Amino acid sequence: MEYYNDSEIIIRDLEERDIAGIVEGELAQGWNSTSDKYEMRLRDSREGRSVAFAAEYRGEIAGYINLYKSAGGAFSGKGIPEIVDFGVLEKFRRRGIGGRLMDIAEQAAGKYSDTVCLGVGLHSGYGSAQRMYVKRGYIPDGSGVWYGNSVCGQYAECRNDDDLILYMSKELKENTRI
């Protein structure tokens, strides 16, 4: 299904054919990437747990985002959808692709709730995502920093890797709801 299409950007459902291009692009950026994660996202989408979106830029796979109907972490069991695993390949950044992916994911979240949430990593590799989320109106949930699947207690030792995250949420406005 296609959700957005202008002269350059197309947002549509993630497909099996996209996986190799995403993995290749991430490896070229120096990321540790395999097809397993994207195959899982497709499986979760087919089984109705999520919606997996892909972005094309001028016919090339450029990014992805996933919306899970039921959040984990700080929002587990609250009936709030969660944006998970959002990325735009570096060579396609600063073209509005990330904003369009977020727009579509937020619109889809509006089918399930008046609120959407996400978790963002805290190391510098997530800097542009952190800024984007704040500019889009996401605010921390107040539970503090999480490591893995639990709150990282005050003064606890932790490691600043991809598992150190801050949960944030956003109230969806009427014009972003479907």
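This is a predicted model: local features need pLDDT of at least 70, side-chain atom pairs count only at pLDDT 80 or more; totals for chains, interfaces and linings use all residues.
A residue is taken as exposed when its relative accessible area is over 50%, as buried when that area is under 20%, and as partly exposed in between.

Although Arg58 is not a glycine, its phi is positive, at about 50 degrees. A positive phi also occurs at Asp85, again a residue other than glycine, with a value near 55 degrees. Asp85, however, belongs to strand β5, which covers residues 82–88. Its relative accessible area is 19%, so Asp85 is classed as buried.

Salt bridges in the structure number 16. One of them joins the side chains of Asp44 and Arg49, with an N to O distance of 2.5 Å. Asp44 is buried because its relative accessibility is 8%. Arg49, at 41% relative accessibility, is partly exposed.

A salt bridge is also formed by Glu60 and Lys91, whose closest N and O atoms lie 3.6 Å apart. This pair connects distant parts of the chain, since Glu60 is in strand β4 and Lys91 is in the loop between β5 and α3 (97–109), 31 residues apart. Glu60 has a relative accessible area of 40% and is therefore partly exposed. For Lys91 the corresponding value is 57%, so this residue is exposed.

Asp103 and Arg136 make a further salt bridge through their side chains, at 2.7 Å from N to O. Asp103 is partly exposed, having a relative accessible area of 27%. Arg136 counts as buried because its relative accessibility is 19%.

Salt bridges also connect several residues into a network, made up of Arg12, Glu15, Arg17, Asp18 and Glu56.

Conventions: Residues are numbered from 1 along each chain as its sequence is written. Side-chain values use heavy atoms; hydrogens and water are left out. Helices (H or I, at least four residues) and strands (E, at least two) are DSSP runs, numbered from the N terminus. Buried means under 20% relative accessible area, exposed over 50%, partly exposed in between (1.4 Å probe, protein chains only). A salt bridge is a side-chain nitrogen of Lys or Arg within 4 Å of a carboxyl oxygen of Asp or Glu.
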